[in-house]
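Dear colleague,

I am passing on the structure below for you to look over.

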Amino acid sequence: MSLASYQLLHSAMFYVFEVLFLEKRCKGTAFFAIVQTFPQKNLFISNKSTNFAHDNCNVQSTKLVEDCIMSISKTRQKLVDVARQLFAKNGLENTTMNDIAVASGKGRRTLYTYFKSKEDIYYAVIESELERLSDKLDEVAAKNIRPQDKVIELIYTHLSQIRETVVRNGNLRAEFFRNIWMVEKVRKNFDDAEVELFTKVFTEGKEEGEFDIDNVELVANITHYCIKGLEVPYIYGRIAHGMTPEATKPQVAKFVYGALGKRIGK
């Protein structure tokens, strides 16, 4: 489960307990159901709280639980989207929690229910952006195309989406590079997922006799870090300046296929 999922569930517990339970709109239903759904993690809930919920709640409606969690998810995402827009327009330093609360129309109390500080919501913004990139890579990996074509498309999708993310975030783009260690901390899950994705594609190609790879995991890690190292020069246009992807792909493919033990045309 990702960090964002834990944060969501942590927020869900407090939101449901404070708002829905106290206002008797869900009569504790969602609160107790969330506790029971994830018993292996405890989710910051003490035994006392769990027992209280168990003794006072009558779990009757799964649909109500789903509606409550969906509402919480939408609220959190809206706060993240609004924060990203303000960060992009004004920069991280010039944006306050109050600015985010006002712009979202949710109020400071709701904002602080989900995020303890501006740094927390900044982490969430970065993670949300990385999730967008991850979804795009998953779409490529799911395509019914040859493994060798899939590898090239994954590389170009990664680089183009990273550049698009940085460009569209305006004044926030400087923070991506200034706070590189902060970004690295948040993107660890994404990096691990991408390595796993390349591992699957390389395994597929090896099984089909397309790639001559002895250690698939090692090659997947090398591939990931090579692409990661290209991000900054690619964003700044220092690689293949003025050239289109169509013009560069044949040469990139020749380089990559050579590393994977595949000859062009085979």
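This is a predicted model: local features need pLDDT of at least 70, side-chain atom pairs count only at pLDDT 80 or more; totals for chains, interfaces and linings use all residues.

Residues are numbered from 1 along each chain as its sequence is written, and side-chain values use heavy atoms, with hydrogens and water left out.

The chain has 13 helices and zero strands, where helices are DSSP runs of H or I of at least four residues and strands are runs of E of at least two, numbered from the N terminus. Of the 266 residues, 42% are buried, that is, under 20% relative accessible area with a 1.4 Å probe, protein chains only. Among contacts (heavy atoms within 4.5 Å) between residues at least 6 apart in sequence, 70% join residues at least 24 apart.

As for the pair, the axes of α8 (residues 147-168) and α13 (residues 245-259) come within 10 Å and cross at roughly 120 degrees, the axes being lines fitted to C-alpha atoms over the stretch in contact, with angles running from 0 to 180 degrees between N-to-C directions. The two helices are therefore oblique to each other, a class left over once angles under 35 degrees (roughly parallel), over 145 (roughly antiparallel) and 65 to 115 (roughly perpendicular) are set aside. On the α8 side, Q148, D149, V151, I152, I155 and Y156 take part, and they meet P245, T248, K249, V252, A253, V256 and Y257 in α13.

Notes:
Buried means under 20% relative accessible area, exposed over 50%, partly exposed in between (1.4 Å probe, protein chains only).
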